[in-house]
Amino acid sequence: MSRVNTYDLFLKLSETITGFTRVDLLSTGLDVHYYEFINAKEPKTLKELLKKYYFVPCSDFSLDKSYFSEELNFLIKQIILLWYTGRWYINSVNYYYLSSESYKQGLIWKAINAHPFGANPTGYGSWGKSIYLEDINDK
Amino acid sequence: MINECIDVSEKEFDVVIVGGGIAGSLIAKQLGIYGKKVLILEAGESKHMKYLDYQRNLDLYYSASVKSPNSPFSSNSHAPQPDELDVISKIPYMNSKGYFIQMGPTPYRSDYTRHLGGATLHWLGTCLRMIPDDFKTKTKFGVGLDWPLTYEELRPYYEQAEYEIGISGEVNDQRELGQLLNIKEEWFGKEYVFPMHKIPESNIDKYLSKQLEGKSITFQGHQYSLKVTSTPQARNGIPNMKYRYRGEPYKPVGAVGNDFQGKRCVGYSSCVPICPIQAKYSALKTLDSALKSGNVTIVSKAVVTEIKVDGFGKVEKVVYKAYTSNNPNDFSLYTAVGKIFVLAANPVENSKLMLKSLIKNDLIGKYLMDHPFLLTWGLSPQLLGIFKGPGSTSGIESLRNGKFREHRSAFRIEIGNLGWLWSNGAPYSIINSLVFEKNNSGKKLRESTYDMNQRQIQLGFMLEQPAEATNRITIDRREKDSFGNLRPIINYKLSEYTIKGMEAAKQTASTLYSYLGAKECTSYTDDDPGFIQYNNNSYAFSGAGHFMGGHVMGTSIHNSVVDKYQKVWGYKNLFAVGCGSLPTTGTANPTLTLAALALMSAKWINNSLEKEKITIGVDK
């Protein structure tokens, strides 16, 4: 484990649990920030999680499996939601944004084919130019 | 000129306006153009007249846990504001921990902003005209109050308001709607067009429009169409070359302090609470243009606390508290002197000020209204291309008028472009439940997040609420906050007439979701502060942010606080303007109507100042 780059392992784990690619994750510009944040917040649990992940040979990662303890399971959920929303969930209800940037960089917007409200505008009329509804002509 | 917390007692103004929101700024601009010396006293801060300071509000929005209407506009202890997040319960006491003291029995769920620019900083920008029948509901339906003026009288001012605000819309869509609503009067002038072409309809607008083509609903044996209509809105679009105002074509107005920004909406989707580039109108634009006349002075951080009247019904001056820091003792009391005084500080603040100053009229504070808002939501069988564009670009407006108004409220239906954002906190609520409840992760999580969000339909029903004297704003001189501000006391209840409207709204929602082949997902829980049970069915209403009433207009001092020019009965030089003057809510978002009324008042005020010049030879 000592020779393994734990930051790199964190990114690999993140790819697996979020369903996003490394490029997607790096494009947030917050990868190092997130890693350092979690490492400072939950150093032991993160280390344990990464160690365990290192020895899991599967890429299809499911939280249903009893492979992870409750504590590790919760940390995985926190990491998923941090990437998706920019929020740190203290429990399933309470959370806070790490920063205004983490709100904007939430991958949820990419996941739903949208943009963070208040940032990255999509252009005049873009809301009426669908990729799904080809059968509906513009008036 | 903008100043903070200065003393203006040495100067004499033609007109002193209390409040720098849309009503006050429109009046200031008109009077400034006519050469009158105008003072605006604004309780809140004015720093966002500077572009970069305005932009800084965005950071507050981005990092706010709950992106509520006031999230970018911070609270100020010298000029406290209500927050919709103050309402957390059905128990009135629990909802009274903010600025308002809520007496119930139902919570008043709306809020406003006490900053220069007022609530137009965080509004959506929907600009529908009221329909002529809204002006005579008592005569026509036996409900609520009649207006002292007709739609025809107000129509030219609606046109002027649409110019001043800058409306994008398609007038032919409104004309077609006029026929469905059985409007006999000339709702829009024959040659009239809006300043800018309509904001393009969204994907979901087009989908609903197609699915609902030819569909209708029956109420009491009458059939009503379910047609989708594009919404006229205060949002910059493409100028209509056919449009002329006093001979001039329309030029979109950009952001205050940065004219390179905001001349066209580019879809930031954060209209409520803040348009980053000011493509959505706010009163800051009117204030900016008012200042250019050279006749308008703005003093911010100046909270008017009292109106001083002489023994003959003439206002002599107003007293204001000019504060310099966020310390309760850090203020000075100054006075402002003028010929005419205009209260333009929002229905609650206007009522509070008149009550405190012992303005004589038993109806002050009474007839408080809102548009109770019933959210409904469903899942479409197909992907909709949503979560883009302004919050709403179309509505189903064809149920805003009909014989049913004798028995229950009418409503308009706002089609949401942002999924279940308002009703459920989507897209976050979806991923939260997928992760915490369904244990989803990886590619499956990503796919479900997409699918569950992109099929969301949200239809918001905005209900009419008739004026009732028991719904009111009062004060109690003992009820002050730690800064010495009187706290508004709110008594509020929805009548059976409105709840019956809610029942019809819910039935309409079910009909609509069934026409759309969508699964209706609406469910109301009894922990919602707006939860109501009626005829064994459950509902939960929200506020629309539409404070109305408090100083309603009418034909005499016996039935109203102000006349049709919004002059307070019994006082020679006192006006109370804004949504507080509306005797009925109708089903139009009220800002456009308040703007039209303010412009009518501005003309009247100017005429009376001119007459005074002739009779007593002032300013010669």
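Trainee: Let's start with helix H8 of chain B, residues 347-356. Is that helix enclosed or open, and why?

Mentor: First, keep in mind that this is a predicted model. For helix H8 of chain B, eight of the 10 residues are buried, so the helix is largely enclosed by the rest of the structure.

Trainee: Which residues of H8(B) are buried?

Mentor: The buried ones are B:Pro347, B:Val348, B:Glu349, B:Asn350, B:Ser351, B:Lys352, B:Leu353 and B:Met354.

Trainee: And what covers the buried residues of H8(B)?

Mentor: Several strands of chain B take part, including S2 (12-18), S9 (302-309), S11 (331-343), S16 (472-474) and S21 (574-576).

Trainee: Where should I look at the ends of that helix?

Mentor: Check the residues on either side. After the helix comes B:Leu358, which has a positive phi, near 60°.

Trainee: Now a single residue. Is B:Tyr151 buried or exposed?

Mentor: Compare its relative accessible area with the 20% cut-off for buried. B:Tyr151 has a value of 1%, so it counts as buried. You'll find it in helix H4 (residues 151-165) of chain B.

Trainee: Which residues is B:Tyr151 in contact with?

Mentor: Skip the neighbours within four places in sequence, and you get B:Arg129, B:Met130, B:Pro132, B:Phe135, B:Tyr158, B:Glu186 and B:Trp187. Two of these deserve a look. A polar atom of the B:Tyr151 side chain lies 2.5 Å from the backbone oxygen of B:Trp187. As for B:Met130, it is 21 residues from B:Tyr151 along the chain, and their C-alpha atoms are 8.3 Å apart.

Trainee: Let's move to chain A. What is its make-up in helices and strands?

Mentor: Chain A has seven helices and two strands. Reading from the N terminus, the order is α-α-α-α-α-β-β-α-α. Chain A has 139 residues, and buried residues make up 50% of them. For contacts between residues at least 6 apart in sequence, 52% join residues at least 24 apart.

Trainee: How do I read aromatic pairs here, and how many are there over all chains?

Mentor: Look at the distance between ring centres and the angle between the planes; over 60 degrees counts as edge-to-face. Over all chains, the structure holds 46 aromatic pairs. One of them is A:Tyr7 with A:Tyr35, an edge-to-face pair at 5.8 Å centre to centre with 75° between the planes. This pair links distant parts of the chain, since A:Tyr7 is in helix H1 (residues 6-18) and A:Tyr35 in helix H3 (residues 31-41) of chain A, 28 residues apart. A:Tyr7 is partly exposed at 21% relative accessibility, while A:Tyr35 is buried at 12%.

Trainee: Which residues form an aromatic cluster?

Mentor: One cluster takes in residues of chains A and B, among them A:Phe74, A:Trp109, B:Tyr61, B:Phe387, B:Tyr428 and B:Phe436. B:Tyr61 also has the charged end of B:Lys67 over its ring, 5.4 Å from the centre. Elsewhere, B:Arg408 lies over the face of B:Phe219, 4.4 Å from the ring centre.

Trainee: How many salt bridges and polar contacts does the rule find across it?

Mentor: It finds one salt bridge. A:Asp24 pairs with B:Arg446, the closest N and O atoms being 3.9 Å apart. The rule also finds 18 residue pairs in polar contact.

Conventions
Residues are numbered from 1 along each chain as its sequence is written. Chains are lettered from A and ligands numbered from 1 in the order in which they are written. This is a predicted model: local features need pLDDT of at least 70, side-chain atom pairs count only at pLDDT 80 or more; totals for chains, interfaces and linings use all residues. Side-chain values use heavy atoms; hydrogens and water are left out. Buried means under 20% relative accessible area, exposed over 50%, partly exposed in between (1.4 Å probe, protein chains only). Helices (H or I, at least four residues) and strands (E, at least two) are DSSP runs, numbered from the N terminus. Contact means heavy atoms within 4.5 Å. Rings of Phe, Tyr and Trp (its six-membered ring) pair if their centres lie within 6.5 Å; planes under 30 degrees apart count as stacked, over 60 as edge-to-face and the rest as tilted. A charge sits over a ring if NZ of Lys or CZ of Arg is within 6 Å of the ring centre and within 35 degrees of the ring normal. A salt bridge is a side-chain nitrogen of Lys or Arg within 4 Å of a carboxyl oxygen of Asp or Glu. A polar contact is a pair of N or O atoms within 3.5 Å; within protein, one must be able to donate a hydrogen and the other to accept it, and residues adjacent in sequence count only if both atoms are side-chain atoms.
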